[in-house]
Amino acid sequence: MSEVRTEFPYPVEVVENLFVPMPDGTHLAAKVWRPEGAGPVPAILEYIPYRKRDGTRYRDQGLHAWLAGHGYACVRLDIRGTGDSDGLIDDEYTVQEQLDGCDAIAWLAAQDWCDGQVAMIGISWGGFNGLQIAARRPPALKTVITVGSTDDRYATDIHWIGGCLSKDNFDWSATMMAGNDLPPDPEIVGERWREMWQARLEHQRPWIVDWLRHQRRDAYWKQGSVCEDFGAIEVPVYAVSGWADNYSESVPRLLAGLSVPRRGLVGPWAHSYPHDVTVEPAIGWLQEVLRWCDHWMKGRDTGIMDEPMYRVWMQDSLPPATCYRVRPGRWVGEEVWPSPRIEARRMPLGADGRFTKAEGERSVCSPLWVGLSAGEVGRYGDDADWPGDQREDDGGSLVFLSDPLPETVEILGAPLVELRFHADRPQALVAARLNEVWPDGRSTRVGLGLLNLTHRDGHEHPAPLVPGQVYDATVEMDDIAHRFPAGHRIALSLSTVYYPVAWPSPELATLTVICGASALVLPVRPPRDADEALRPFDPPEAAEQTPVIHHPVPDAATRRVTRDLLSGEIAVEFPRWHYAMEMTDIGQTQISKGTCRHLITDGDPLSAATLTDNRVEIRRPDTTIVHHSTGSLTCDATHFIVDVRLRVSENGQEVFARDWHERVPRDMV
């Protein structure tokens, strides 16, 4: 929990709304925090679609007012077609969004309260578009601070994981639908709010259909993936994430790929800013932002560029649990990344189930309940987000186990599985889990990697498997820093199913691993004495937030897994965005309740289904607006099937209704 700070070098003026004009006549809505008496100062821009007026109001003040109080003009900008901005939104990370961002930066730099310099900061969406806009080189942009984001929209986002359909793909589409058609605020845009709202309703559609039409890494995903040309980014980059976040592996990729001044930071956190976390320890993140911006935009020697390029939280061993509030460990650093200090330790997969050179073959055809112990991906650090004890999932997997470790082993980087295999079906996937096995048998998941085996030679040109033919493939797990204590064992588990994290292949496939030729490769990090001399982080701070009353939400769901042992029916339920938030300073209340359910029947991969239900209510003094949408993603052997139902009401009367039914061919998924 951050300490609330109320005194700053500068008093802060808050401008509730300011419209930023675009060249085509569109106006984007911004909230601005300015340091009074500081004269022209650099601006820091956060540019996201989540409704500054009522969507992120509860958290914006703490970040932006703190930075403004230290001499920066902070701007929170609604993307075109969202919040109180004009226009319509078509998709995430569009070219139009990026061009608007460049135009907004130029406009901000020209204001008399700005000294002509702009930085971008953002988590998730705002971290994505900060990198994307940097690649377009707007002249006034001087640096980017990107948190919980990615350089590769296909490889590291919520749509596809290793060429497998992610459980979050349909879920995220439903989440965005629940926000995209909400109206702007009449207090900001005036009488035209209803016209703007109607246009949004008419324009609304389920984005999942577009995402499903691009199942391989084509031009659609390359647009906005800065890894396509790291050289396009010419400003310093500070890349940040957490080991419990879906995006942690993008930080080392950015460090390795960029040639500009850069720093990387990965803590134990989930998908959050490092000063406002659900997984401790939090750090004084805003102080780090200030050190970074002071160095690059005010020419101050803050020492931040004298520190290691890559700083991470080396996590200690913990027993398996579905919730962690604290991750013990220590900060370590590497001067460059990739680091020449990291040893690639190859551990062959033996036919005896050990890490030996014993030759032979081992086969597995996993039941569809493998994956029920997976927890969330893209976690927020809430209850039941983490994977539980892995022994149940291991019962349907191939497991390779080390002897008890004679000494501590620490890893930093992406564990790999070098796989030589054959399969009995033209389509198959493999889930690889790196586990730590305790002396009493408990098993904690440390790493996870997925690969659609038709993508074995790359995600752009998948090819079916020829049954019985031998192939080589590499499965890359997420980057991690972890300490395996002496006396514990290292385990690798391989399965052909990992539901609901990955949508199953059309048929149950048997995977045969050729042992001796296959191996686990661990990135082993030797001790570094200089770690003890690393500069400690300051305690976490933030400015006082805007007043909000959080009311209880009746019947709030929790993560729940159910199995009918007679019928084989399985259900995994995740709660989504359950809150009732009264914003007393603007006299509004927003209430949200959502669920996402994943269903499957053991033995039948074509029974897989994802069901979503999202209800958002906005209460204003004279108007109550309710969005209610439900959806399902199902499949047959050849197609994905999308059904979505949308109903919108005003003061209890239905004002808009639409249904969608789409069939999208499966493309070796």
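The model is predicted. The protein has eleven helices and 34 strands. Its radius of gyration is 25 Å, close to the 26 Å from the globule rule for 669 residues, so the protein is as compact as a globular protein of that length.

**Overall build**

- Along the principal axes, the C-alpha atoms fill a box of roughly 75 × 60 × 45 Å.
- Of the 669 residues, 62% count as buried.
- Among contacts with a separation of 6 or more, 74% join residues 24 or more positions apart.

**Nonpolar cores**

- The largest nonpolar core holds 186 residues. Trp285, Leu494 and Leu520 have the most contacts inside this core.
- Helix α10 (residues 285-297) supplies the largest share of this core, with seven residues.
- A second, separate core has six residues, including Ala244, Ala270, Leu318 and Trp386.
- Leu520 has contacts beyond its neighbours within four places in sequence. Among them are Arg345, Arg346, Met347, Leu349 and Phe355. Leu416, Val417, Leu434, Met477, Ile490 and Leu492 are also in contact with Leu520.

**Largest cavity**

- The structure holds five cavities of 30 Å³ or more. The largest contains about 110 Å³ of space.
- The residues that line the largest cavity include Tyr238, Arg263, Glu288, Ile304, Arg311 and Phe537. Gly264, Leu265, Glu307, Pro308 and Met309 also belong to this lining.
- Strand β11 (residues 262-267) gives the most to the lining of the largest cavity, with three residues.
- By class, the lining of the largest cavity has six nonpolar, one polar and four charged residues.

- Ile304 sits in the loop between α10 and β12 (310-315).
- Ile304 has a relative accessible area of 2%, under the 20% cut-off, so it counts as buried.
- Ile304 and Arg291 are 13 residues apart along the chain, and their C-alpha atoms are separated by 6.5 Å.
- Not counting residues up to four places away in sequence, Ile304 touches Tyr238, Arg263, Glu288, Arg291, Trp292 and His295. Tyr238, Arg263 and Glu288 also line the largest cavity.

**Second largest pocket**

- About 840 Å³ of space lies in the second largest pocket.
- Its lining has 45 residues, and Glu249, Leu448, Gly449, Met477 and Asp478 lie nearest its centre.
- β8 (160-161), β20 (443-452), β21 (471-476) and β22 (480-484) are the elements that give two or more residues to this lining.
- The largest share, eight residues, comes from β20.
- The lining of the second largest pocket divides into 19 nonpolar, 15 polar and eleven charged residues.

**Helix α9 and its packing**

- In helix α9 (residues 250-257), Ser250, Val251, Pro252, Leu254 and Leu255 are buried.
- The buried residues of α9 pack against α3 (125-134), β7 (141-147), β10 (237-242), β11 and β12.

**A buried loop serine**

- Ser373 lies in the loop between β15 (360-364) and α11 (391-394).
- The relative accessible area of Ser373 is 11%, so Ser373 counts as buried.
- Leaving aside its neighbours within four places in sequence, Ser373 is in contact with Pro387, Gly388, Asp389, Gln390, Glu392 and Asp393.

- Most residues other than glycine have a negative phi, and most peptide bonds are trans.
- Arg51 is not a glycine, yet its phi is positive, at about 65°. Arg51 lies in the loop between β4 (41-48) and α1 (57-69). With a relative accessible area of 7%, Arg51 is buried.
- Ser124 also has a positive phi, near 65°. Ser124 is in the loop between β6 (114-123) and α3. Ser124 is buried, at 16% relative accessible area.
- The peptide bond from Glu280 to Pro281 is cis, with omega near 10°. Pro281 is in the loop between β11 and α10.
- Another cis peptide bond joins Tyr499 and Pro500, with omega about 10°. Pro500 is in the loop between β23 (489-495) and β24 (511-515).

Conventions
Residues are numbered from 1 along each chain as its sequence is written. This is a predicted model: local features need pLDDT of at least 70, side-chain atom pairs count only at pLDDT 80 or more; totals for chains, interfaces and linings use all residues. Side-chain values use heavy atoms; hydrogens and water are left out. On a 1 Å grid over the protein atoms alone, a cavity is a set of points where a 1.4 Å probe fits but cannot get out, and a pocket is an open set with protein on both sides within 12 Å along at least five of seven lines; lining residues have an atom within 4 Å of a point. Grid points are joined across faces, edges and corners, and a volume is the space filled by probe spheres set on the points. Helices (H or I, at least four residues) and strands (E, at least two) are DSSP runs, numbered from the N terminus. Ala, Val, Leu, Ile, Met, Phe, Trp, Tyr, Cys and Pro count as nonpolar, Asp, Glu, Lys and Arg as charged, and the others, Gly among them, as polar. Buried means under 20% relative accessible area, exposed over 50%, partly exposed in between (1.4 Å probe, protein chains only). Contact means heavy atoms within 4.5 Å. A nonpolar core is a set of buried Ala, Val, Leu, Ile, Met, Phe, Trp, Tyr and Cys residues joined through side-chain atoms within 4.5 Å. The radius of gyration is taken over C-alpha atoms; the globule rule is 2.2 Å times the number of residues to the power 0.38.
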